[in-house]
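Please report on the strands and their pairing in the structure below.

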Amino acid sequence: MTMSNEQYPQTPSQTVGPFFHFGMVPEGGANVLASDETHGERILIRGRVLDGEGVAVPDALLEIWQADANGCYNHPDDPRHAQADPHFRGFGRADTVDDGKFAIQTIKPGPVPFDGERMQAPHINVRIFSRGLLTHAYTRIYFSDEEEANAADPVLNLVDPERRHTLIARRQEQGGAPVYVFDIKLQGRDETVFFDP
Amino acid sequence: MSALSKRLSSLDWTIHPPYLHPPYESTLHRAPHRPLVPLPQTLSELTGPVYGHDDIGPLDNDLTRNAIVNGAPIGERIIVTGRVLDERGKPVPNALIEIWQANAAGRYRHLVDQHDAPIDPNFTGAGRVLTDANGEYRFTTIRPGAYPWRNHPNAWRPSHIHLSIFGRAFISRLVTQMYFPGDPLLPLDPILNGIPDEKGRQRLIASYDHDVTEPEWALGYRFDIVLNGSRMTPFENPDADDDE
């Protein structure tokens, strides 16, 4: 739906295509978000992007946007912007490779305000671009070890309970470091929940 | 801060392509089937990465010069300029635009591209530019060639430039393609024609602008971009000079 009082219609989306890497993914990668100075718990998020046939998507681009360890966004419209970690921009990208795998090294975000009263559970915002997606898809990564916060999260509570698990990354320990596994299924059985923001 | 509960989709789905568009074969197994879940616009959606001049190099907006090895790239030099606006027509300053494209022969500088057309050693086809205080951007490049793909028999993509735009908020993110006026391949292209609205398709076709054309140097094209925004203003914005 759209509102009628707008004078300037939106520019339509088009697919990112298969050849985006040299324009959007800088050499050395953009999938490491934290520097040595960044506050917060270091985490690795890894997973695969799969199509409706269960086939790996080897040419997807994930963009992530997240708050810092205290739940502040490094953006002037966050009322707590002044307290945001100056060593954390909060934006990153990961492209998938042949087997559809991606990996993101970042810090675990803090809880983010929802409406001035309620809080949102820690989460990472994700856009998915690929050949075959004429318009990107939008989802969120939540964390399996935040059960209490997840149960109270106003956004997760908008989602069919049977589908919520598609938004929750599963925590595993790997050599003492926390790893969260998050697969994205574009279509079909256990299709990831995608949002219309 | 006002309540965040009332909202409509920020994307106008009468304009943007649906996920499933069977003439574009890659959508068949990649298009999400389940209905999208409406998402309230929270701080997570209404903020986004902030860019500035430190993020841009001096030659980033000139694709005819940013990859020179032993000479100028081959092809028709062009200038592309325009404004990035929000839905109320207000300029979006400091919007980062990323650019990537094929060379004049229709070949991408990408390992996956096996089209039998020459690579230009002096052209990568990648660039970046930031909009100024008036939302204006401008870059110089080579007009890209058409190239074949395997979507259907004798399929050719019309000449196009890929553009990725970051507005003020993550919600305003746009990735699109700019096309050229008069291209006979436009009506045959399943990607452009995935856009349900004829006026929307027309808005992806740049217009030739003789005032942008520089004598004895380059042809000029104009391409304006409108980003979707929030459906409300829940946060005090010191720059805001208008009300919703």
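The model is predicted: local features need pLDDT of at least 70, side-chain atom pairs count only at pLDDT 80 or more, and totals for chains, interfaces and linings use all residues. Residues are numbered from 1 along each chain as its sequence is written, and chains are lettered from A and ligands numbered from 1 in the order in which they are written. Strands are DSSP runs (E, at least two residues), numbered from the N terminus.

In chain B, four strands make up an open antiparallel sheet with the order β4-β3-β8-β9. Its edges are β4(B) (126-130) and β9(B) (174-179); each has a single partner strand, so one side of each is left without a neighbour in the sheet. From one strand to the next the twist averages 25° (axes are lines fitted to C-alpha atoms, and angles run from 0 to 180 degrees between N-to-C directions).

In chain A, strand β2(A) (residues 60-66) has seven of its seven residues buried, that is, with 20 or more other C-beta atoms, placed from the backbone, within 10 Å of their own. Ala60(A), Leu62(A), Ile64(A) and Gln66(A) point one way from β2(A), and Leu61(A), Glu63(A) and Trp65(A) the other way. In a regular strand, side chains alternate between the two faces of the sheet.

How values were computed
A residue is buried if 20 or more other C-beta atoms lie within 10 Å of its own, exposed if 12 or fewer, and partly exposed in between; C-beta atoms are placed from the backbone. Two strands pair if DSSP finds at least two bridges between them.
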